[in-house]
Amino acid sequence: MSNNKATITPGQLHLVGVGPGDPELMTIKAVRVLQQSPVWAVPTAAKEKKSCALDIAKAQVSPNGREVLQLLFPMKRVYLNEETDVQLLNAWTKAAKEVFARIDQGLDVAFPTLGDPGLYSTAFYLLAVMQEMRPGLKAAIVPGITAMSACSAGQNSPLALGNDVLAVVPAAFEDERLRHILTELDAVVLMKVHRRFDALLALLDELGLTDKAVLIERAGLPDERIYSNIREAKGLKLHYFSTMLIRKKVVQVQP
């Protein structure tokens with residue numbers, strides 16, 4: 001007796017960087033993958049909360065005719081090589097199961113994420129859990145323009161040149177290494193400075209680096225704000241998307 005049940009080829013998971021905020025900074029490949037994916041898995045920090053990544057994607061590709069699957073990713077700090085917060089792990093596991101449900105139907109799933117998937121993105125937490133559940137699973141990753149690149153371009157200033165040593169630091173974490181990094185390295189990008197700005201300002205004042213820093217809030221978005229004098233931001237409630245560029249050297253060409 002023959003088995004006529006058709007075998008379904010699993011769909012593909014795409015981790016898609018949609019850039020820092022300006023929809024025109026999405027890559028051609030990101031737009032194409034979003035257009036070709038019948039399901040968008042969109043990360044949100046809380047129920048009923050808007051997704052910035054979705055808003056950027058929608059500015060280039062209409063979501064009409066495709067499923068927009070909202071996945072809850074709580075806003076909590078993640079410390080690698082330490083035990084994962086139970087709430088985070090449960091949320092990631094639930095999200096992974098929902099994505100697998102679509103992939104197993106033969107549907108491609110695109111996960112739009114701000115900036116680049118490889119730089120502090122929730123996309124890799126989802127992928128890690130999915131690979132734990134199904135070893136060997138691979139995602140197609142579409143790199144995107146980072147917030148720090150957009151900040152650098154907006155300031156007409158390089159991130160690093162010549163023999164510069166550049167560090168990218170998630171400033172949301174209290175880490176004793178930051179003083180050493182600021183003291184020893186030539187250029188530093190501090191990401192997500194919103195909650196620790198006043199403490200960071202005090203440290204920069206102590207190290208004589210305050211005048212070497214610029215703060216960019218919501219880079220690439222219509223309400224972007226730039227603080228060339230970062231002292232003006234003291235005491236303010238900054239947005240989560242706040243990046244600080246610190247560059248010690250001035251670009252000079254020696255005769």
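Analyst: The model is predicted, so local features need pLDDT of at least 70 and side-chain atom pairs count only at pLDDT 80 or more, while totals for chains, interfaces and linings use all residues. Residues are numbered from 1 along each chain as its sequence is written, and side-chain values use heavy atoms, with hydrogens and water left out.

User: Where is Ser 37 found?

Analyst: Helices (H or I, at least four residues) and strands (E, at least two) are DSSP runs, numbered from the N terminus. Ser 37 belongs to the loop between helix H1 (28–36) and strand E2 (39–44). The protein has 7 helices and 10 strands.

User: With which residues is Ser 37 in contact, leaving aside its neighbours within four places in sequence?

Analyst: Contact means heavy atoms within 4.5 Å. With those neighbours left aside, Ser 37 is in contact with His 14, Arg 66, Asp 108, Val 109 and Ala 110.

User: In what order do the 5 strands of the open sheet stand?

Analyst: Two strands pair if DSSP finds at least two bridges between them. Here the order is E6-E7-E10-E8-E9, and the pairing is mixed. Strand E6 (166–170) and strand E9 (225–227) stand at the edges with a single partner strand each, so one side of each has no neighbour in the sheet. From one strand to the next, the twist averages 15°.

User: How many bridges join strand E8 and E9?

Analyst: Strand E8 (residues 213–217) pairs with E9 over 3 bridges in the antiparallel sense. Ile 216 stands opposite Ile 226 in E9.

User: Which strands does helix H7 touch?

Analyst: Axes are lines fitted to C-alpha atoms, for helices over the stretch in contact, and angles run from 0 to 180 degrees between N-to-C directions. Helix H7 (residues 197–207) packs on the sheet and touches E7, E8 and E10, its direction making about 10° with that of E10. Helix H5 (residues 147–154) lies across E6, strand E7 (187–191), E8 and strand E10 (242–247), at about 60° to E10.
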